[in-house]
Amino acid sequence: MKPPPFHYHAPRTEAEALALLAELAPEEGRILAGGQSLVPAMALRVARPSHLIDINGLPGLDRLEVGDGQLRVGPLVRHAMIRRESVPGPLGALLDKVRGHIAHLPIRTRGTVCGSLANADPASEWCLVAATLGGAMLARSMRGDRMIAAEDFFQGFMTTALEPDELLAGLHLPVLPEGTRWGFHEFSRRAGDYAQAASLAVLEMRAGTIAAARIGIGAVEDRPRRLPEAEALLTNRAPTADLLRQAAAEARATLLPTDDDPTRPALAETVIRRALADAAGIELP
Amino acid sequence: MDGLSPRPGEDAPALAAGPGRVVGRPVTRIEDLPLVRGEGLFAADVNFPRQLHMRVVRAEIAHGRIVSVDAEAARAMPGVVAVWTAADVADIPLIPFRATKVRGLEPYCQPVLARDRVRYVGEPVAVVFADDAYRAEDAAETVMVELEELPVVLDAAAPPGEFAPGHDTEPTVVRKEYGDIDAAFRSAHAVVELELSVGRHSGVPLETRGAIARYDAAHDVLELHGTAKKQHWNRDEIARLLGRPPQGVHLFEGHVGGGFGVRGELYPEDLLVCAAALRLRRPVKWIEDRREHLVATNHSRQQSHRIRAAVDAEGRLLGIDDAFFHDQGAYVRTHGARVADLAAGMLPGPYRLPAYRVAGHFRLTNKTPAATYRAPGRYETTFVRERLMDAIAARLGIDPVEIRRRNLVAAAEMPHARPLDALGTDVVLDSGDYEGLLDKALARFGWDAMQQELAARRAAGECVGAGLAFFVEKSGLGPSDGVRVTVDATGAVEVVSGAASVGQGVETALAQICAEALGVDYSRIRVVRGRTDRIEFGNGAHASRVTVMSGSATWQAALAVREMALECAAQLLQLSPAELTIREGVVTRADGLAGPSLTLAEIARGRGPNSPAMRGQTPGLTAERWFWSDHMAYPYGVHLAQIRIDAGTGGVTVERYLVANDIGRAINPMLVEGQIVGGLAQGLGGALLEEFRYDPSGQPLSTTLADYLIPTIAEMPEVDVLIAEDAPSPLNPLGVKGAGEGGTNGAGACIASAVDDALRRPGAITSLPVLPAHLRALLTEAP
């Protein structure tokens, strides 16, 4: 479990990093951020980049900023830096809860949010958050910047819309208005393991009815995604236990799990139902 | 020296019930200082100048004929010193196994490098030696192994296949029988029959294996470092296989980051580094990586049983008839058929069983070879036997606790001889009050009150349950172990043992025993273990034997030194030895009256080789004693669990757990509790998490710790440990029984019982591990 030989680059500016990436991308040059997925994959010789461009020394990439109704997460923001105070209101509480489900403290201290997004593991919690909340990814290269919406960004199992010469320069998440209700639930074999099913539900309430619903599912299909049929079912209805059950069952029927475990849809239904129940403040087993 | 027998005087220490001055007390460990200071010496910490690094090229398919191995490219890589294939080590014989009564296994032993076939993914095919571990791994990647695929055998219960021409994959069937089994079934009120299986899992120590060999040409000694568990046997075999006298080979043990049965056996890599150090005349270091560990180090446990019991109308056992298939993996390793033999010999456990018949089919498959893992053969058969007891209870409508009560061997029946053998010794349950411990455990757990609480929670919709499992362990495997206790001229005490330490606290336990007998401070005693250059023989650390065997030898040797010191002092002080005692290393009057005294240092100096008084005698304040044992000591206990199943996810939460374990006498209750809780973690791993899985072609699917799930602190329940000392062993002077395996033994059985109870479906669980997907499926089926 020693990686094969590779060249290591430690650029001092973002421009230098982008230039190196443009030059080395054809030779399988890769960005090294937190390294919590890439480095073990290299040790297992599953990933064999010939060049690593280490951005950890670059100044200013670890910013978490709120403005214009958005939370902007820089490429060196570590999982552990995401806290309730990072962003006011329901989004801060939501991200705080999700962070606690990511691996273990040493990994959270080193691994980055953008690294998880670029890695695009179907079970990644941040990918589920980006997909459910309608996040956007800032892709940056020598050719310029572009924003990629989450539904376009995640393209399949550990596959994204990033071009080889592009650095994932940030995640933008819409700040949730006060009063937004949310629930997150996942099931994993052990604390900190990748989820076998994870769901995030976000409800905008108006006068006792659900004005808008976002429901996401992760770790079941080849990428995280929203569940439009269930969302439609909830919209403009008052949340009741029966309605939430019905929505979770509806969602289950639309799933195409990637593994052959016949009980996976039932597990997905459970986490969706529980995420919805938490969001609605209703007790449901 | 020779005239001194361990005959305690009236003031000499005798181990009555209850704690002594040091023995029986939870004193802190003497081995911890270097560990907490980061000064430990694990295998990877061992380095020698000019050392080479070995990398193993391993088979990538499960069964194939070797067409060719092309290492030319690897030999040309930078830093590479040598690459060996089977032809280069053709003179090294197959790796042997320790003798048992089972015959016919020799052709199934493993060569150090695969010869004409590979038989499991991970089998060593070639080795690269380079000046750097990275370069060695780079070069190993370029070794081209051409294989012609052969059919794989992955199910030990399927019809045998071919191991090699003329040898099928069933080398032997372990058979044991007593009583009139056919009559038992003819006269039965009911016959209960089950098919049960235990998954493939094993000890996965945090420290992987490692081996560092060095040839010291100046002294003509081959040294092997990073060893564990069984140094003397390994020394003798390495010497034999490499054609050297045993005196010219020495093994050294540093710290060991977990043994659990799998570390310290003689593996191909151990012999390869030794052979390379001799031939290449440079030290050779090999450190196993985690992916290698999960395919190369011994697996364990995998068995399937077809068992039936004949019972009378009250649920009393009349006979048990079991046929099981033991999945040995690709080769016979150093344990031979030991696990299958132990399974067959230990299956009856704590119950009165008039007739018994077992046939253990010892089968080879195209998977990693298997051997012992903490509670070998007992974890499996406790699961099988206790499932059977639960099934009998369900069939006859008898409470699961009551069915066990009716069948437990009674205290009055001890010692209880069974016409059976295990590990080559007759099974004689040496002592025990099984029902007494069951009562204590139920009371401590609050079993009856808990049942009401669980009923209320079930009524509120929760899926909760409780289970129990009774187990009998075995410990203190003989035949012998020797210990030399010496007081030097400064008064320092050294205990030289043939035991080994896999981290369990051997030094502390032996120091406590020595201190108790000799009257010195335990924390200043030096305990030597795990090295062949300080003591000629030793049987190592396995089978929960150290405290029983080396502990008893330590007790006897320390008493002999005590007697020697008192005799010397008595002459000098003109008192009788009976009037003297030793306190804090000083010989004084036993009655506490003032008077002259002598330190052990003064006595040791008086017995020095230059002392005129020693003329004609063997000098030194020292004694060596050997403890012999023909029979094992049998600890026993009960596991009790309360669990909750999340009906939506199939996840199991163990809410509360009790292990009650009678080990005769606890030398250090803190160490015993640590053994039990740590052992339980591994038992729960096998019950709920851990499984080596393979795809249909024999590719291993559990090759990282993200796929092979060991329990972490977050998965561990609140554990209560009840250490009982009701039944000291009559077989040794300390009354001790081993404490290393009871925490593991009953865990699979207990969890299965509790899950059944939570599901309200007796007999639902027929295999381990109990996985969430399986529970989800059970929960969605109509009951």
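Predicted model: local features only at pLDDT ≥ 70, side-chain atom pairs only at ≥ 80, totals over all residues.
Visitor: What distance separates the centres of domain 1 of chain B and domain 3 of chain B?
Guide: In chain B, domain 1 is 32–40 + 478–628, domain 2 is 43–150 + 208–255 + 263–296, and domain 3 is 303–476 + 631–780. Taken over C-alpha atoms, the centres of domain 1 of chain B and domain 3 of chain B are separated by 39 Å.

Visitor: Which element gives the largest share of the side of domain 1 of chain B that touches domain 3 of chain B?
Guide: Two residues are in contact if their C-beta atoms, placed from the backbone, lie within 7 Å. The contact takes 16 residues from domain 1 of chain B and 17 residues from domain 3 of chain B. Helices (DSSP runs of H or I, at least four residues) and strands (runs of E, at least two) are numbered from the N terminus, and α13 (506–518) and α14 (546–573) of chain B each supply at least two residues of the side of domain 1 of chain B. The largest share of that side, seven residues, comes from α14(B).

Visitor: How many residues of helix α8 of chain B are buried?
Guide: A residue is buried if 20 or more other C-beta atoms lie within 10 Å of its own, exposed if 12 or fewer, and partly exposed in between, with C-beta atoms placed from the backbone. The buried residues of α8(B) include Arg338(B), Asp341(B) and Met346(B). Helix α8 (residues 338–346) of chain B is largely enclosed by the rest of the structure because its buried residues number nine of the nine.

Visitor: Why is Gly620(B) classed as partly exposed?
Guide: Gly620(B) lies in the loop between α15 (600–606) and β27 (621–628) of chain B. Not counting residues up to four places away in sequence, Gly620(B) touches Thr486(B) and Arg607(B). Gly620(B) is partly exposed because the number of other C-beta atoms within 10 Å is 19.

Visitor: Which residue stands opposite Glu223(B) in β13(B)?
Guide: Two strands pair if DSSP finds at least two bridges between them. Strand β12(B) and strand β13 (residues 249–251) of chain B pair in the parallel sense over three bridges. In β13(B), the residue opposite Glu223(B) is His250(B).

Visitor: Through which helix does the chain cross from β12(B) to β13(B)?
Guide: A crossover is right-handed if, with the strands pointing away from the viewer, the path from the first strand over the helix to the second runs clockwise. The β-α-β crossover from β12(B) to β13(B) is right-handed, and its helix (residues 231–242 of chain B) is α5.

Visitor: Which residue takes a positive phi in the hairpin of β11(B) and β12(B)?
Guide: Strand β11 (residues 210–216) of chain B and β12(B) run antiparallel and are joined by five bridges. Strand β12 (residues 221–225) of chain B is mostly covered, with four of its five residues buried. Four residues lie between the strands of the hairpin, and the residue with a positive phi near 55° is Asp220(B).

Visitor: What is the bridge partner of Leu580(B) in β25(B)?
Guide: Three strands form an open antiparallel sheet in the order β24-β25-β26 (chain B). Four bridges join β24(B) to strand β25 (residues 586–589) of chain B. In β25(B), the partner of Leu580(B) is Arg589(B).

Methods: Residues numbered from 1 in each chain as written. Chains lettered and ligands numbered in written order. Domains from an automatic or database assignment.
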